[in-house]
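Please examine the sequence and the structure before reading on.

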Amino acid sequence: MSLLRQCLENAMATELSPHERDVIRLRLGLDDGISRNVREVAEICGGRLTLSDIRASEIRAFQKLRSPDAVRTHQLSSYLDLIGVDVAV
């Protein structure tokens, strides 16, 4: 596992709820390489979540992962600088 992947896994495990982790994993295809759209994620979750629930979870998860504390704690700042993501300090 790459250092970036390990840092991301640690950040997700620490910062996100299990539901938020599941949504991010499915949307980005982190487990199987197949990214899924919001409707597909809702179907995988058994239809018990609305599309807006999925979107809200995804937004919340990215906000948590982009927080200055999470970026520093999980050593993600150098990776975010590399790809040009601005993180408010």
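## What covers helix α4

The buried residues of α4 are covered by elements that include α1 (3-15), α2 (18-28), α3 (38-44) and α5 (68-73). The model discussed here is a predicted one.

Which residues of α4 are buried? They are I54, S57, E58, A61 and L65. Viewed down the axis of α4, these buried residues fall within an arc of 100°, so they line one face of the helix. On the other side of α4, I59 and Q63 are exposed.

## The protein as a whole

The protein contains 6 helices and 0 strands. From the N terminus on, its elements therefore read α-α-α-α-α-α. Of its 89 residues, 31% count as buried. Among contacts between residues at least 6 apart in sequence, 45% join residues at least 24 apart.

## The pairing of α1 and α2

Two packed helices are described by the angle between their axes and the distance between the axes. For α1 and α2, the axes come within 9 Å and cross at roughly 145°. On the side of α1 the contact is made by R5, E9, M12 and A13, and on the side of α2 by R21, I24 and R25.

## The nonpolar cores

Which residues form the largest nonpolar core? This core has 10 residues, namely C7, A11, M12, L16, I24, L30, A61, L65, V71 and L76. The elements that give two or more residues to this core are α1 and α4. The largest share, 3 residues, comes from α1. Apart from this core lies another, of 7 residues, among them V23, V38, A42 and C45.

Leaving aside residues up to four places away in sequence, I24 touches M12, L16, G29, L30, E58, A61 and F62. Of these, E58 and A61 are among the buried residues of α4.

Terms used:
Residues are numbered from 1 along each chain as its sequence is written. This is a predicted model: local features need pLDDT of at least 70, side-chain atom pairs count only at pLDDT 80 or more; totals for chains, interfaces and linings use all residues. Side-chain values use heavy atoms; hydrogens and water are left out. Buried means under 20% relative accessible area, exposed over 50%, partly exposed in between (1.4 Å probe, protein chains only). Helices (H or I, at least four residues) and strands (E, at least two) are DSSP runs, numbered from the N terminus. The arc is that of the directions from the helix axis to the C-beta atoms. Contact means heavy atoms within 4.5 Å. Axes are lines fitted to C-alpha atoms, for helices over the stretch in contact, and angles run from 0 to 180 degrees between N-to-C directions. A nonpolar core is a set of buried Ala, Val, Leu, Ile, Met, Phe, Trp, Tyr and Cys residues joined through side-chain atoms within 4.5 Å.
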